[in-house]
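Have the model open beside you as you read.

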Amino acid sequence: MDVWSSLMDGFATALTPMNLLFAVIGVLLGTAVGVLPGLGPAMTVALLLPVTAALEPTSAFIMFAGIYYGGMFGGSTTSILLNTPGESSSVVTAIEGNKMAKAGRAAQALATAAIGSFIAGTIGTALLAVFAPIVVQFAVSLGAPSYFAIMVLALLAVTAVLGSSRLRGFASLALGLAIGLVGIDSVTGQRRLTFGQPLLVDGLDIVVVAVAIFAVGEALWVAAHLRRTPLHVIPVGRPWMGKKDWGRSWKPWLRGTAFGFPFGALPAGGAEIPTFLSYVTEKRLTKHPEEFGKGAIEGVAGPEAANNAAAAGTMTPLLALGLPTNATAAVMLAAFTSYGIQPGPQLFSSQGPLVWALIASLFIGNFLLLLINLPLAPVWAKLLQLPRPYLYAGILFFATLGAYSVNLQAFDLVILLVLGALGFMMRRFGLPVLPLILGVILGPRIEGQLRKTLQLSAGDPAGLFSEPIAIVVYIIVAIILVWPFIFKLIRRNRPVAAFTGPSEQSARSEAESPAQAGDPTTTTHQKQEKP
Amino acid sequence: MSSIATGLKGRAELGVALLLGVVGVLVFLDANGLVTPYSQSDPVGPKTVPFIVSGLLIICAVLLAINVLRGGKGEAEGGEDVDLAHPADWKTVLPLAGAFILNILLIDWAGWVISGTVLFWGSVLALGSRRYIRDGLISVALSLLTFYGFYLGLGIALPAGLLEGIL
Amino acid sequence: MTIVVGYVPTPEGEAALTQAIAEAKKSNETLLVINSSKGDALVDNRYAQGPDIQSIEERLADQGIQHIIKQPVRGHDAAAEVLDAADENDASLIVIGLRRRSPVGKLIMGSVSQRILLEADCPVLAVKAD
């Protein structure tokens, strides 16, 4: 249980030449993917799943972690130089970052983003190393009822909180659960949803599902809506910062980290909310309020630190509980399963060396990213000149290759296309993809816990509430589900309570603030149907 | 004209509701068809969760249909490289899907090197590149590289198909 | 009559523009500046941005040359755009800038200049950057 010595063992594993090589490949790929339009870390990890099946799990996860962190670094580059935030987590960075770049301070914006990401990532990873074992200690004491409740919470939180339409989130979740049902029932050996098709008996390979939804669906969707307006990268030299920039950056970095980590660790917390909170906080605390909206360095430093700390936070529930809270983590969880590794609280004891090597590699990856991002930023920007036909044809090519190589069956490619079309349709009609993926991955595990729970209570539904933690979790679930209705009620009653005046006004703008996150400059996020 | 177009678009989203409903009914029928004796060790059985899922699907289908009919609309997903200002460009998507299907048909018979070349070259073409020679060379190179890369690096033998014996 | 010049913000492009201005002055014709992009990459450095275009605009106005500046983004390559413009305006001359290239490089990359030279219906003046 000694964190320090385990971590040192982890470093010993992660620093072997082979694993170090995979860390380097991971961060290079991750940065490239973050910079390139249309590719994200989730899609990349999904595309690599089949290829890495032949690798040591440790090496594969070291590479995946590099991709995840690298994507966060790379995303900030396009936000600043092009004002096109690829990931929702760097939307806020673009607000001040692009203004700075336009004012000729691109080098400083990139520098504060990179150094802030490094610091936040390092602190976040340290917090992960400290907290994950504590969470595990707590989690191993939980029985099936609590575990069932927590997984239900994770699913519902992601479904109900993210995205603009809860209804569409649930539709996506239900589809995912249905896909997860396909195959032999593990308890009774019954065939479910196989329609007499022997190739479906083993269920749909999660690799194929992930590749279809993230890669094929996305490539087809982007192909249908290719942007035709060419942009110009704001030319930039080597990123650097002056003394004054350091002075203005370090506090936002730390505050951003403090926002990012806990939100990353929460189901459905994600990176969007903490980046936004960080931005608002910096705007309030700054000594240079006149610069906000015109390129204030605090507005880049804080949010960038927040999104990297959130990335580290995400790893906590993933490693300690086997709960993914965003798309990349979901695909990494799929990777655990495809290696036959059981994710969950037992992971730390059963796969201790792997987990600690992974955590150590996060420290290493962060450092590597700082090294390759500071001097190479102009080179990364060149990637943006890659013609789109090659980019998207390449995605389809590698998606096909990967899905086919899992079982060497052309049938898998048919499934790939069908689910790819589903992914396209979901993007077209605003169904979020994350609930679907979580449904596919967590569905079977939830069912397992449910059956275990009721087996213990001999079929009595009261068994679901037999542990205090489970009850607490159900109360939270209830609050999440009922919250919007309460919210609506309060709103409806507002005009009546008009005499409260100004305070009402401020409360309302507070509540609406997430919608304003994209408002100052970015156009990628449009809000629909304001209630 | 535009009112007809928006009317059609609204109806297109009803297709999503229909899909959800159909999947929901399928899941229900499939679960209903399972025969399981009650067992003390597994009181939940293999049917319960499918029933819940099918219920969720059907409820979502109905609510979505109501939502769409009342003018609700899903927000299409944006992105760095996505321009939602123009409608879906089927002239790109359908040939792309065509290249994909061609690959499925060819892969077992003609082998990966040929089918992969067709896939990449066809996709690049569908996406609007017109440098036929360069694209062709890249396609062949990619397919060959991945074929040997998978064989030598990962020990996965992709089908050689028609080129069996040459590769 | 019109003189069409294919412009890109590179030394070759600048050379072509300078030459085209001289030609337009000599024959007192309208100058049509074409700066196109296929629009197939997120970033295209050969597509001139606002300030560049503005400075060309000013330069042409200062010299008293009748001019039109077009920046088509229609998914066609530069050769097609220049040839189209020449056809539509019944051009008397096309001015382009040339790069040095090896025969093999040209085989793989294709050549915008070559296509214009081969397919144009009017004289083509090709200049090199100095």
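In what order do the elements of chain C run from the N terminus on? They go β-α-β-α-β-α-β-α-α-β, where helices (H or I, at least four residues) and strands (E, at least two) are DSSP runs numbered from the N terminus. That gives chain C five helices and five strands.

A quick word on what you're looking at: this is a predicted model, in which local features need pLDDT of at least 70 and side-chain atom pairs count only at pLDDT 80 or more, while totals for chains, interfaces and linings use all residues. Residues are numbered from 1 along each chain as its sequence is written, and chains are lettered from A and ligands numbered from 1 in the order in which they are written.

Back to chain C, whose C-alpha atoms fill a box of roughly 40 × 30 × 30 Å along the principal axes. Of its 130 residues, 37% count as buried, meaning that 20 or more other C-beta atoms, placed from the backbone, lie within 10 Å of the residue's own. Now for the contacts (C-beta atoms, placed from the backbone, within 7 Å): of those in chain C with a separation of 6 or more, 79% are between residues 24 or more positions apart.

Next, see where chains A and B touch. Chain A brings 67 residues to the contact and chain B brings 61. On the chain B side, α1 (2-32), α2 (48-69), α3 (90-110), α4 (112-126) and α5 (132-154) each supply at least two residues.

How values were computed:
Buried ≥ 20, exposed ≤ 12 C-beta atoms within 10 Å, placed from the backbone. Contact = placed C-beta atoms within 7 Å.
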